[in-house]
Amino acid sequence: MKLFSDNIEDLRTLYITKLQKALDMEQKITKALPTMIEKSTDQQLATAFTNHLQETRGHVVKVESLLRDATGNAETSTCKAISSLISGAEDSIKDAGDNSIRDITLIASAQEVEHHEMAVYGTLRNWAELLGLTEAAGTLESILEEEKRADELLTSISDTVNTSADIGTVGIKDTAGRRAYRTAV
């Protein structure tokens with residue numbers, strides 16, 4: 001339960017509050033990506049996550065800079081949405097016993113995160129423009145474009161990984177009603 005309100009009275013306050021949540025979001029993603037890299041069995045996927053980790057570290061620096069410019073500090077505010085997405089991804093990764101299914105799960109989870117980030121940065125960019133913060137809008141646009149490229153790369157990788165998993169196994173139920181797999185013939 002939240003004890004105190006953010007007391008958002010104007011667009012500038014809303015913009016700063018959303019930037020603080022974006023910083024928390026990027027910091028949490030930076031902590032989650034190494035596990036995703038480790039759990040990836042597809043080399044192209046692991047490489048994509050590794051490269052995106054470097055981009056995400058850059059996003060942390062950029063958002064910290066935007067916050068310092070706007071407020072003089074780089075404090076965060078909890079991003080509940082990303083916490084939920086990461087928690088769900090962790091559960092799905094644990095539940096996926098087969099390597100190809102785990103890779104599919106990793107891609108799906110990563111794309112959910114990317115879509116959330118695109119929504120956040122698109123909104124922040126628009127608000128920065130409305131507030132006349134042209135340089136900040138440009139920075140936010142550059143982050144947004146990196147998130148879009150990451151999502152497009154994941155889609156491309158998923159075309160291969162999903163097809164490999166689909167061709168390699170056929171879902172059946174065992175006698176106890178549990179899901180089992182056999183090689184497709």
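The largest pocket has a volume of about 350 Å³, the volume being the space filled by probe spheres set on grid points joined across faces, edges and corners. A pocket is an open set of points on a 1 Å grid over the protein atoms alone, where a 1.4 Å probe fits, with protein on both sides within 12 Å along at least five of seven lines; lining residues have an atom within 4 Å of a point.

This is a predicted model, in which local features need pLDDT of at least 70 and side-chain atom pairs count only at pLDDT 80 or more, while totals for chains, interfaces and linings use all residues. Residues are numbered from 1 along each chain as its sequence is written, and side-chain values use heavy atoms, without hydrogens and water.

Of the 25 residues lining the largest pocket, Leu33, Met36, Phe49, His52 and Ala110 lie nearest its centre. Helix α1 gives the most to this lining, with six residues.

| Class in the pocket lining | Residues |
|---|---|
| Nonpolar | 15 residues |
| Polar | three residues |

In the largest nonpolar core, which has 40 residues, Tyr15, Tyr121 and Leu124 have the most contacts. Such a core joins buried (under 20% relative accessible area) Ala, Val, Leu, Ile, Met, Phe, Trp, Tyr and Cys residues through side-chain atoms within 4.5 Å. Leaving aside residues up to four places away in sequence, Leu124 touches Tyr15, Lys18, Leu19, Ala22 and Leu140.

The protein averages a pLDDT (the predictor's confidence in each residue, from 0 to 100) of 87, and 84% of the residues score at least 70. Over residues 169–175 the pLDDT is below 50.

Methods
Buried < 20%, exposed > 50% of the residue type's maximum accessible area, 1.4 Å probe, protein only. Contact = heavy atoms within 4.5 Å. Helix = DSSP H or I, 4+ residues; strand = E, 2+ residues; numbered from the N terminus. Nonpolar A, V, L, I, M, F, W, Y, C, P; charged D, E, K, R; others polar.
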